[in-house]
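Please examine the sequence and the three-dimensional structure shown below. The paragraphs that follow lead from the overall fold to individual elements and residues.

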Amino acid sequence: MSTEPRLAEVTDPEPAQEAARGTDQAVKETLEDYTLRFAPRSYRRWTPMVVATTALGGIAYMADFSIGAGIGLAHGTGNALLAIAVAAVVIFVTGFPLAYYGARYNIDLDLITRGSGFGYFGSVITSVIFASFTFIFFALEGSIMAQGLKLGLGLPLWLGYLVSTLMVIPLVIYGMSALSKLQVWTTPVWLLLMVGPLVYLVATDPGTVDRFLAYAGTDGDGGVNTASVLLGAGVCLSLIAQIGEQIDYLRFMPPKTDANKRSWWTAVVMAGPGWVVLGALKQAIGVFLAVYIIAEVGASAAPEPIQQFKHAFDAMMPSWIVLPLAVALVVISQIKINVTNAYSGSLAWTNSFTRVTKRYPGRMVFVLVNLGFALALMEADMFSFLNSILGFYSNCAIAWVVTVATDIGINKYVLKLSPHAPEFRRGMLYAVNPVGVVSFVAASGLSIAMYFHALGDTLQPYSPVAAAVIAFVLTPLMAVVTKGRYYLRRTDDGIAEPLLDEDGNPSAVTYTCHVCRQQFERPDVAACRTHDAVVCSLCLSTDKVGDHVLPAAV
């Protein structure tokens, strides 16, 4: 098994070896990250279905129930269900090409973004956006868990926030191996606790369905209108960046072959864009449970998942077991998603920091950074203004994901101006590619202005539509205007061995990096500028003077 390179910023092999002796702990912490690079075939030992189950386990979050409830309470069931459906279609369509590239070429969304219109440093912007997604949703899930701990154990909220933050740290140290076990073993219990109450309520009291379908909301008359649907869809679309967390698992898919292609495709679709099917169902269930609670006890507790499931369990079982089961569901859900949030967020922060500073401090530093941001949001009571945060954030997330998806689908396959195979190594890419950066900045900037009423109240609900349309139109337009010249700084990485094998999978041929003396597979290395040798992608990223980085090719 390959391990993370050690202090690759040192340009001479001897100092690198000496410095490496003092970094054993950092190596242990980052043993399974493959933070800045391709995930090697030697490490990808899981079957497609195990990878898919692990990836889907990460969407066990309770936020969907709160999001659905909030939209339903404000706009009514009809508008809420349409909003959820519209957002789900957009998320599925844009997520498909990203999931395919992550699984096929075994790289995460940041590495995909680099070669899909943003450039080596340009994608730092989107790494920060993705990291923000992880700590915003960590804070949301932590808030929900704290509500459960307060109701079940009497813990004050501030202490519940702290407990929900600290408890995930031991689970994210070793990455995929620990996470795969956690997700596979907890998923059946989680599904049973989530689906059981819904089935019971519908079966024993059909009137709950009629009340659910007839609910008009606090801001409407029960009729369907475009503004309400788009406002609700904008909140749901804040989850569009979830595809990044799915890809953090999908990059560990085994090579696609004739023997496994059916299970491979099933796993990619199910755990890639398919995550949104379960997500949309949870949002709809959130609307249902909120309407049920309103009929039973009033609207004040309706958006809180712990209250939703407490009242649902109360209808089907003895009172002494209701609260423990509701708390158990919330705690299991929070752990399942927040280990993923902490893991993916730490990768994104590490990725950005290393490229900008050319230093690799170890992922655990950024686990703590991400958790610190999340804890601050929780203590600031972000749950009370949830929809406002998500509505604003969705504009940035939509602009990013649609830009990358359009570059893959249109610029690579239709216009053929973007290189077909993804590239992520320093020296092979331009620092900034205007195709993605300009499209993203324009789409997110204008849609955010619309969201804050800068272009009038009438256009405000259309900000997520603007983000998607502008990104979709500008991305191919910028590729045509620039003639695709800013994608690759050079096309030859100095190694004769092909990047892909005969099946189109990344080659498993190994090379030894002459800086860190570790072995890496073919897609993760490039020829050295100053030595007759190869250098791994992390050593290239941390090369402060550029001795090993290949020059631009004319």
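The protein chain contains 21 helices and four strands; helices (H or I, at least four residues) and strands (E, at least two) are DSSP runs, numbered from the N terminus. The model is a predicted one, in which local features need pLDDT of at least 70 and side-chain atom pairs count only at pLDDT 80 or more, whereas totals for chains, interfaces and linings use all residues. Residues are numbered from 1 along each chain as its sequence is written, and side-chain values use heavy atoms, with hydrogens and water left out.

Of the 554 residues of the protein chain, 60% count as buried. Buried means under 20% relative accessible area, exposed over 50%, and partly exposed in between (1.4 Å probe, protein chains only). Contact means heavy atoms within 4.5 Å. Among contacts in the protein chain with a separation of 6 or more, 80% are between residues 24 or more positions apart.

The interior may be considered next. A nonpolar core is a set of buried Ala, Val, Leu, Ile, Met, Phe, Trp, Tyr and Cys residues joined through side-chain atoms within 4.5 Å. The largest such core has 135 residues, and those with the most contacts inside it are Leu98, Phe137 and Trp400. Leaving aside residues up to four places away in sequence, Phe137 touches Ala63, Ile67, Ser238, Leu239, Asn338, Asn341 and Leu390. A second, separate core has 18 residues, including Ile495, Cys513, Cys528 and Leu540.

The buried residues of H11 are Ser228, Val229, Leu230, Gly232, Ala233, Gly234, Val235 and Cys236. Helix H15 (residues 305–314) holds His311, which counts as buried at 15% relative accessibility. His311 touches Tyr292, Ile293 and Val297, residues up to four places away in sequence not being counted.

How do two helices pack against each other? The axes of helix H3 (residues 48–57) and helix H12 (residues 242–250) come within 9 Å and cross at roughly 150°. Axes are lines fitted to C-alpha atoms, for helices over the stretch in contact, and angles run from 0 to 180 degrees between N-to-C directions. H3 and H12 are therefore roughly antiparallel to each other, since angles under 35 degrees count as roughly parallel, over 145 as roughly antiparallel, 65 to 115 as roughly perpendicular and the rest as oblique. Their contact is made by Val51, Thr54, Ala55 and Leu56 of H3 and by Gln246, Tyr249 and Leu250 of H12. By class, the contact of H3 with H12 has five nonpolar, two polar and no charged residues; Ala, Val, Leu, Ile, Met, Phe, Trp, Tyr, Cys and Pro count as nonpolar, Asp, Glu, Lys and Arg as charged, and the others, Gly among them, as polar.

Thr266 lies in helix H13 (residues 261–271) and is partly exposed, with a relative accessible area of 38%. Thr266 and Pro48 are 218 residues apart in sequence and 8.3 Å apart in space, C-alpha to C-alpha.

Two loop residues complete the account. His453 is placed in the loop between helix H19 (434–451) and helix H20 (463–482); its phi is near 70°, a positive value in a residue other than glycine. At 42% relative accessibility, His453 counts as partly exposed. Lys483 lies in the loop between H20 and strand S1 (510–512) and has a positive phi of about 60° although it is not a glycine. At 69% relative accessibility, Lys483 counts as exposed.
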